Amino acid sequence: MDQTSKLSNRVINAIQKDISQGIYKPGQKIPTEPELMVQYAVGRSTIREAIKTLAMSGVLRVQQGSGTYVNESVQAESLDQRLRRADFEEINQVRRMLDYEIVKLAAQHHTKAGLADMKKFLEQRKKAILEQQYNACMEADIAFHLSIAKASGNHVLADLYRSFTAVIRDFFAKRDTESISHFAISHHLHEQLYEAIKSGNVKLSRQAMEDILDNNY
């Protein structure tokens, strides 16, 4: 993702947040391009890309010669959109609640196939760490945790966790992508989590998950 797209996503999230908080109401005209440039400290191309994206999604309506307005029929944010603009502390709090229940159920209801998936992604995570491959490590880490959610046997929890993966990717992308130190430091905790789930020990599974989240910064 190039710099303009990253900045554009930040502006999109900010405008959606302002709309959801009632700063810009349905049918209301939003500030002009120069005003938005100052407000969000970005260039004209970034503002135009953000407005174009929001207009295509039906959030904004561009009226030539008049300005840009919040669509009167604007829909409420989807869960995925809301998650994308939440701050990391909020995400981690919700993830903590989800993960405690997920690992408990995974410890109780995992299958041999579920354990095999966890083991596979755990090994991929370790391999990526050793090879200093940040993106591969990120994807293996997300796949490992998603495999635990699937192993819980609760499809709703698994779907909720899948929604979180987009936010987790965004968080990883904002970290130092030149270093896999965060992944390396916590790898032994992920191995402990796998072994705890495999043994069916709920208490140890939750403790391992708590240790992982405590070291997730």
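Buried means under 20% relative accessible area and exposed over 50%, with partly exposed in between, for a 1.4 Å probe and protein chains only. The model is predicted, so local features need pLDDT of at least 70 and side-chain atom pairs count only at pLDDT 80 or more, whereas totals for chains, interfaces and linings use all residues. Residues are numbered from 1 along each chain as its sequence is written, and side-chain values use heavy atoms, with hydrogens and water left out.

Helices (H or I, at least four residues) and strands (E, at least two) are DSSP runs, numbered from the N terminus. The expected span of a helix is 1.5 Å times one less than its number of residues, and the table sets this value beside the distance between the end C-alpha atoms.

| Helix | Residues | Length | Span, C-alpha to C-alpha | Expected span |
|---|---|---|---|---|
| Helix 10 | 187-199 | 13 residues | 19 Å | 18 Å |

In helix 6, the buried residues are Gly 114, Leu 115, Met 118, Phe 121, Leu 122, Arg 125, Ala 128 and Ile 129. They lie on the same side of helix 6 because they cover an arc of only 150 degrees around the axis, the arc being that of the directions from the helix axis to the C-beta atoms. An α-helix has 3.6 residues a turn, so residues three or four places apart point the same way. On the other side of helix 6, Lys 112, Ala 113 and Leu 130 are exposed.

The buried residues of helix 6 pack against helix 7 (134-151), helix 9 (181-185) and helix 10, where contact means heavy atoms within 4.5 Å. One of these buried residues is Ile 129, with a relative accessible area of 10%; leaving aside neighbours within four places in sequence, Ile 129 is in contact with Cys 137, Ile 180, Phe 183, Ala 184 and His 187. His 187 is itself among the buried residues of helix 10, which also include Leu 193 and Ile 197. Just after helix 6, Gln 132 takes a positive phi of about 60 degrees, and just after helix 10, Gly 200 takes a positive phi of about 80 degrees.

Asp 99 lies in helix 5 (residues 88-109) and counts as buried at 3% relative accessibility. Apart from neighbours within four places in sequence, its contacts are Tyr 161, Met 209 and Leu 213.

Two strands pair if DSSP finds at least two bridges between them; strand 1 (residues 60-63) and strand 2 (residues 67-70) run antiparallel and are joined by four bridges. Three residues lie between the strands of this hairpin, in which Gly 65 takes a positive phi near 80 degrees.
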